[in-house]
Amino acid sequence: MDYTAKLEAALSRLHEEGRYRTFIDIERTNGQFPHAVWKRPDGVEQPITVWCGNDYLGMGQHPVVLEAMHEALDATGAGSGGTRNISGTTVYHKRLEAELADLHGKEASLLFTSAYIANDATLSTLPKLFPGLIIYSDSLNHASMIEGIRRNGGAKRIFRHNDLDHLREMMAADDPDAPKLIAFESIYSMDGDFGPIADICDIAEGFGALTYLDEVHAVGMYGPRGGGVAERDRLMHRIDIINGTLAKAFGVMGGYIAASEKMCDAIRSYAPGFIFTTSLPPAVAAGAAASVAHLKHDQDLRDQHQTQAGILKLRLKGLGLPIIDHGTHIVPVIVGDPVHTKQLSDMLLDGYGIYVQPINFPTVPRGTERLRFTPSPVHGPREMDHLVNAMDELWSHCALNRAELSA
């Protein structure tokens, strides 16, 4: 077996389809985000504006967060020193879990190194706790949810995206006595649409099912204290398990679930993804706790975020661009071809200093490749004007002219 040849063939397929992912080397400057420096392949440093980051509120540079991290770093050092079970639980981890439980109105929360791991570890563990469990999963759920459900060895059903009739039909066809769980998201990150939380809770209650809600793209940004869409809609008490991240609106790193004390205790005790993983560094936990606490009271920042997203969508619509607008903060512009999406991204970066990463299959379905913009309160009028003018020029003269783009 020529292993190198197999690797080359696999990578060549991605290049041929225009789906090969290229990482660009950027350096953020504290206090200057969304401005950064791109270190080009030729070694030249070029100023850029980041338009695709998930630090939605700019909390990654907020003084409250940085101060908390500095204090914890000076007090405890860099790493946690172990798993949560073996020397890796500190006062900072417990403080953060208390903040998160309070945020979601739950008895407890459980920290993971990322929201991906939180989803994967929790969903893959639940059938151990509920033998015979059937999980009903929205077809557009995040890869971490899909992977956790796939790996758990239990029964699964995939219902069409936000299709309540299809979900109800599937559940009615199964054993009424079997344990059940519905897994879905509050905001789907690629199209920016909402999940029908209240309706799914109604269905879950009718069939005696648990509910599992991924609020990754909503925590910090929706609800009067940043508890997510479920808080905004006063539905948190109807959700059994909430998944969230500390790496987007909260600006740091990590993931978590919030649920009943017994549920968190059971996942803590049975999930390999929790048991055998080194815990978050204390400084990271401290910064995240400070961010969560701050955003419980900073409605003005949330309002600014929604205002900026609304302005960008309005201006791009005014140019006639094919954007998807479901009323959330996510602004996808559909290009529809992987090669052209990458070329448009490259032209924005090279010619205008605008960094927006192309989104291709398998993250989105083929034919719906896109640029996904994430405006924030720190994207001011100057940055907005520059982006809109650049998109106008490129779309008018190049982006829709496939012959020019392919030349």
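The model is predicted: local features need pLDDT of at least 70, side-chain atom pairs count only at pLDDT 80 or more, and totals for chains, interfaces and linings use all residues. Residues are numbered from 1 along each chain as its sequence is written, and side-chain values use heavy atoms, with hydrogens and water left out.

Ser186 lies in the loop between strand 7 (180-185) and strand 8 (187-188); strands (E, at least two residues) and helices (H or I, at least four) are DSSP runs numbered from the N terminus. Ser186 is buried, with a relative accessible area of 0%, where buried means under 20% with a 1.4 Å probe and protein chains only. Beyond its neighbours within four places in sequence, Ser186 is in contact with residues including Asp193, Phe194, Leu213 and Val229, contact meaning heavy atoms within 4.5 Å.

Helix 11 (residues 282-295) is mostly covered, as 12 of its 14 residues are buried. Its cover includes helix 2 (63-76), helix 3 (91-104) and helix 12 (299-318).

Elsewhere, four strands form an open sheet of mixed pairing in the order 1-2-3-14; two strands pair if DSSP finds at least two bridges between them. Strand 1 (26-28) and strand 14 (354-355) each have a single partner strand, so one side of each is left without a neighbour in the sheet. Strand 1 runs antiparallel to strand 2 (residues 35-39), joined by three bridges.

Definitions and conventions:
Buried means under 20% relative accessible area, exposed over 50%, partly exposed in between (1.4 Å probe, protein chains only).
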